[in-house]
Amino acid sequence: MEQKITIEPVTRVEGHGKVTIHIDDEGNISQSRLHIVEFRGFERFIQGRPYWEAPVLVQRLCGICPVSHHLAAAKALDVIVGAGTGDGLTPTGEKMRRLMHYGQTLQSHVLHFFHLVSPDLLFGIDADPVIRNIIGVAKKHPDLAVQGVMMRKFGQEIIKATAGKKIHGTGAIPGGINKHLTIEERDSFLNGPDPLNIDKMISWSQDAVNFLKGYQKENKEFIDNFAAFPSNHLSLVRKDGALDLYHGVIRAVDSEGNKILHDVESQDYLKYIGEEVKNWSYMKFPYMLEFGKNKGWYRVGPLARLNTCDFIPTPLAQKEFEEFKAYTNGKPNNMSMHYHWARLIEVLHSAEMMKELLNDPDLLEGELVTKGTKQDEGIGMLEAPRGTLFHHYKINEHDQVVMANLIVSTTNNNEPMNVAVNHAAKQFMTAQRKITEGMMNAVEVAIRAYDPCLSCATHALGRMPLEVVMVDGQNNVIDRKRK
Amino acid sequence: MAYKIFIYGYGNPGRQDDGLGNAFVEKFEEWVNQEGLKGFEFDSNYQLNIEDADAIAEKDLVIFADASVEEIEDFILTPVDASSDVSFTTHSASPGYIVKLCGDLFNKFPATYLLHIKGYEWAFKEGLTEKSQKNLEKALQDIKEKLKNPEKLINLYKVF
């Protein structure tokens with residue numbers, strides 16, 4: 001008789017999810033599913049609104065990564081206002097947006113790693129949850145916790161200076177940006193008192209990478225094997241193959257590193273990417289059309305990006321990238337927990353990029369906006385902290401949005417997260433009939449490697465509780481835990 | 001003595017009454033500027049987050065303002081305990097969580113209160129409902145009055 005376990009809610013992960021674990025008569029895991037059980041229909045909400053409102057409206061998708069949605073929408077509208085498909089902005093327009101984006105990436109990655117993931121690493125995934133949290137980190141490793149807080153603050157201040165404000169930022173507009181950086185802002189970011197200056201951010205980023213590498217050496221078995229599985233990897237890369245979080249062409253590689261999507265233009269994504277709907281989740285399952293639903297799914301996010309790109313165009317991150325690639329002999333890295341290693345290398349890269357941009361005089365002066373011949377359709381893509389983000393809009397003759405299609409990072413990682421959950425379940429729940437806290441957290445650790453936030457993918461605001469349900473072959477619930 | 005007072009509203013103004021906290025800060029700041037009062041700092045965001053532990057660390061008095069669905073008539077002001085609630089999610093750090101993090105990281109314990117303002121509608125629309133605006137006005141009057149003598153609130157927190 002098969003049994004099923006369901007886990008909900010997931011803590012330190014946003015949105016609302018449920019994990020169902022099916023167990024057969026021999027106690028083996030026969031199937032695991034991460035269900036997304038809320039639906040908001042944001043793409044409908046935006047229809048009928050004037051297109052220029054989109055970069056502000058879409059920020060309501062998520063209070064965690066509003067900048068990613070703000071910029072992806074603005075990029076789509078660049079196309080609509082005739083400002084090109086990524087190469088038509090003024091130097092000031094593009095560089096201000098990039099600064100905003102790297103500030104966002106740094107603060108988001110830092111929150112993800114220091115405050116949502118580090119408790120699992122520092123205390124163990126089966127440690128008492130009373131200490132396995134950021135308050136526990138603050139007590140035992142106050143230096144790490146303070147670094148996390150101050151790095152996030154730095155990133156937030158960059159966002160405020162470029163987007164104009166923290167809530168409903170207005171910085172990016174169709175065709176460009178609406179402000180320069182002031183000299184005072186620039187000087188503060190470059191030379192502010194410790195720790196709020198860019199050199200300190202770079203130094204702390206290096207420390208963070210070293211911390212993770214040290215942890216990995218001491219916990220190789222766990223880090224290398226937990227939820228490790230082969231997959232395709234997809235991301236944007238710069239046309240010369242460099243890591244580029246703001247703009248590029250779409251590239252995918254298979255688990256052996258063979259290029260299977262050959263640097264295609266973002267405006268053509270519909271020729272290559274499809275989305276499957278399954279009746280047990282509100283979150284769709286994207287896949288590469290050429291390889292079908294079963295073989296065409298892919299990972300996105302930091303791990304995928306370091307697997308698809310050829311190099312990182314900043315020196316310190318490039319050095320770390322070389323070490324990262326050497327670990328798998330140049331082949332793609334398919335270890336879920338190595339997302340965190342890749343994530344911290346991107347933190348370092350973002351800090352280096354910010355320093356380069358802050359020293360660029362184009363931020364302080366120059367034309368802000370480009371305009372051209374209006375189009376009725378535009379696609380904007382970027383690499384959000386958790387992965388590739390697609391925004392696609394069509395407008396009518398009254399300048400109203402008539403179609404919006406958003407594929408968010410979490411959705412792109414839907415199938416990999418399901419596979420990761422299945423691996424965690426097999427490792428921790430085989431032959432079990434009761435759900436322990438440690439088992440629940442193991443499932444959450446698998447999800448958190450990819451994403452601490454399911455809310456924008458499901459288009460539901462709020463916390464992401466998770467329920468785990470254990471079910472037998474006759475669909476009888478044999479255990480259920482929520483937290 | 002000039003106290004350092006921090007007024008911080010949070011919520012999503014794109015969801016009707018969820019923007020009450022943000023609206024409170026906006027209006028209170030206008031009043032402070034009109035009156036020429038010193039020692040105030042203001043901030044507004046979608047939700048509290050970890051860096052707010054640093055933002056409150058050097059303050060004498062902190063008032064968080066948030067929309068509320070609780071069974072209250074219009075508004076209430078309550079002291080914030082350093083909560084040991086560890087259910088931090090990136091969307092919902094509680095004021096107590098921030099106070100605790102501030103204490104643990106920086107060894108600072110500012111007098112901190114939460115202003116709960118009753119809201120009613122939460123759809124994807126800009127603008128407060130008429131009823132919640134009345135609650136906002138009452139809350140503004142009350143806090144203006146209280147902050148004429150901030151020392152009282154600071155001392156009251158020590159007793160709490």
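These are questions and answers about a predicted model.

Residues are numbered from 1 along each chain as its sequence is written, while chains are lettered from A and ligands numbered from 1 in the order in which they are written. In this predicted model, local features need pLDDT of at least 70 and side-chain atom pairs count only at pLDDT 80 or more, but totals for chains, interfaces and linings use all residues.

Visitor: What is the mean pLDDT of chain B?
Guide: pLDDT is the predictor's confidence in each residue, from 0 to 100. In chain B, 92% of the residues reach 70 or more. The mean pLDDT of chain B is 89.

Visitor: Which helix of chain B has the highest confidence?
Guide: Helices (H or I, at least four residues) and strands (E, at least two) are DSSP runs, numbered from the N terminus. Confidence in chain B is lowest in helix α5 (residues 150-159), at a mean of 89. It is highest, at 97, in helix α4 (residues 130-146) of chain B.

Visitor: In what order do the elements of chain B run from the N terminus?
Guide: Chain B has five helices and five strands. From the N terminus on, their order is β-α-β-α-β-β-α-β-α-α.

Visitor: What is the radius of gyration of chain B?
Guide: This radius is taken over C-alpha atoms, and the globule rule is 2.2 Å times the number of residues to the power 0.38. For 160 residues, a compact globule would have a radius near 15 Å. Chain B agrees with that, because its radius of gyration is 15 Å.

Visitor: Is N107(B) buried or exposed?
Guide: A residue is buried if 20 or more other C-beta atoms lie within 10 Å of its own, exposed if 12 or fewer, and partly exposed in between, with C-beta atoms placed from the backbone. N107(B) lies in the loop between α3 (95-106) and β5 (111-118) of chain B, and has a positive phi of about 55 degrees although it is not a glycine. Because 9 other C-beta atoms are within 10 Å, N107(B) counts as exposed.

Visitor: How many C-beta neighbours does D263(A) have inside 10 Å?
Guide: D263(A) is in strand β8 of chain A, and its phi is near 55 degrees, a positive value in a residue other than glycine. D263(A) counts as partly exposed because its C-beta neighbours inside 10 Å number 17.

Visitor: Which residue is the bridge partner of V253(A) in β8(A)?
Guide: Two strands pair if DSSP finds at least two bridges between them. Three bridges join strand β7 (residues 249-253) of chain A to β8(A), and the two run antiparallel. In β8(A), V253(A) has as its bridge partner K259(A).

Visitor: Which are the edge strands of the open sheet in chain A?
Guide: Four strands form this open sheet in the order β8-β7-β6-β11 (chain A), with mixed pairing. Pairing on one side only marks the edge strands, which are β8 (259-264) and β11 (298-299) of chain A.

Visitor: Which element gives the most to the side of domain 1 of chain A that touches domain 2 of chain A?
Guide: Domain bounds come from an automatic or database domain assignment, which gives chain A domain 1 (3-38 + 413-482) and domain 2 (229-334). Two residues are in contact if their C-beta atoms, placed from the backbone, lie within 7 Å, and the contact takes 14 residues from domain 1 of chain A and eleven residues from domain 2 of chain A. With five residues, the element that gives the most to the domain 1 side is α15(A).

Visitor: Where is P195(A)?
Guide: The peptide bond from D194(A) to P195(A) is cis, with omega near 5 degrees. P195(A) is placed in the loop between α7 (183-191) and α8 (198-218) of chain A.
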